[in-house]
Amino acid sequence: MYRYDEFDAEFVRQRVAEFSEQVGRRLDGSLTEDEFKPLRLKNGLYLQLHAYMLRVAVPYGTLNGRQLRQLALIAERFDKGYAHFTTRQNLQFNWPKLKDVPEILGLLADVEMHCIQTSGNCIRNVTSDQFAGVAADEVEDPRITAELIRQWSSLHPEFSWLPRKFKVAVTGAEHDRAAIKVHDLGIRILRHPQTGETGYEIVVGGGLGRTPMIGKVIREFLPKDELLAYLEAVMRVYNAEGRRDNKYKARVKILVHEIGTDEFRARVEAEYAELDGPTVNAPREELERIGAYFAPPAYEVLPERSERLEAARRTDAGLDLFVRQNSFPHRQPGYIVLTVSLKPIAGVPGDMSDAQMRTFADIAERYSFDELRVSHAQNLVLPHVRQDDVPEVYAALEKAGLATANAGLVTDIIACPGLDYCALATARSIPIAQEISKTFAAPERQQAIGPLQIKISGCINACGHHHVGHIGILGLEKSGKENYQITLGGDATENAALGERLGPGIDADQVPGAIEAIVDAYFNERHEGEEFIATVKRTGLDPFKRRFQAYVAGEAGVGEAA
């Protein structure tokens, strides 16, 4: 993983000192809240419903044990003993006191971490595939590109005050696990079909929120050495022409929509032609320097299959289920990738206690070459586990309450903090997720349903990505009550699609039953071996709408356990 050089270290320390002085001025009254707001947002500090919230950057979702242990220390000392992992692979502390923030930033800097550009109208934390560097369908480790973009975009003089926030995701794989098509800018590493040269597909104008849109391809193939100059051209067009008179129309997706994909592409290409590429693009030596930090660890030469693990699975049903549900194939023989769910039944999606963080840091150091990942589904990943070690890893996870075998299933729910924390929220998300997970708690039932992604947002801003959930849930306020809209058919993969509403909004206590009704319709309609989203795409929404609307109307037997 990437290590700070001298510039990185000095840059972060200077920001800590600068913001410490600004916090002092706010505390002594020299700065009003209105004056302080843009300063704190540049440092990832929000003012939420009940307290400040501090968002910590986790570039492309990669951490080591020392960093996670430091996050645990901060959670214990300055928060309420836990932290929350987000859909941008970041981490949030929900209860820091303003006077303690400078010390927290100093502790983060001690382990090469910071909160810079995790908020504000700038290029945000660059996200990537949680299986980067280990997936067999990968052309190239996307974290190298993500790190290059991080360095290029950090305090870039032209792009620090954009019309609105700007989110970037990078994938290097055939199958999109980074949701690049619902980002302002999505980058897919690929090989040219004729020459075999490695380059990029550039996607612009995706995004969720009150106006959800799927991104449009503006360059089918960009040579690898030309990336930064092309991105500079994209950002210049957006910075010059993006709306600044209306924050709801200020995202790049609105610009692309209003002028059209072809016109946006033409303006980018014209800007690109005017740039002096060699002065903007990174020299090959710099790419090689960054790439060296992402070299594979010192794997052992092992058999493809571990007899020790297979024997343990035959005698331990819990271990067998965990491996079946939470593992991903590793490209290196004898190794396996393990997803560690932060979605225990009735738990808060994405939350992790300080004790769990310390235990997980120990596990990563001992069994995963001191590397762990954060996924945009609010889970953690151990990317380099020897198959022989899986029984011990599972035992340690189980002892820490981290062995829930539900990755990708109906209880692996993405949810924003909602009205329990967020000043923008109009409804709660966490209790809805908890009730749904209790409704479908039985492992046998989850397995029978199979892969199913539920995503919940507590307001129109869509931090829970509800638009691209197989089942999406949007919480709103209606006549003084929380009201929930249900959408169906969303998809965040390479086959990206936005969900469609099934009908009118429903009350909070109706949501679990509504999900049961939708699942009942799936059981009625699916072909043998067909996953939920495939059934929805084949049948369309009508059979699901009928079952959903019958449930809302109170027809007997609808929405009962399947």
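Q: What should I know about the source?
A: This is a predicted model: local features need pLDDT of at least 70, side-chain atom pairs count only at pLDDT 80 or more, and totals for chains, interfaces and linings use all residues. Residues are numbered from 1 along each chain as its sequence is written, and side-chain values use heavy atoms, leaving out hydrogens and water.

Q: How many helices and strands?
A: The protein has 19 helices and 21 strands. These are DSSP runs numbered from the N terminus: helices are H or I, at least four residues, and strands are E, at least two.

Q: What share of residues is buried?
A: 59% of the 562 residues. Buried means under 20% relative accessible area, exposed over 50%, partly exposed in between (1.4 Å probe, protein chains only).

Q: New topic. How many disulfides?
A: The structure holds 0 disulfides, taking one as a pair of cysteine sulfur atoms within 2.5 Å.

Q: Which cysteine sulfur is nearest to that of Cys459?
A: That of Cys422, 5.8 Å away.

Q: Is Cys459 buried or exposed?
A: Cys459 counts as buried because its relative accessibility is 9%.

Q: And what about Cys463?
A: Cys463 is in no disulfide either; its nearest cysteine sulfur, that of Cys459, is 6.1 Å away. At 46% relative accessibility, Cys463 counts as partly exposed.
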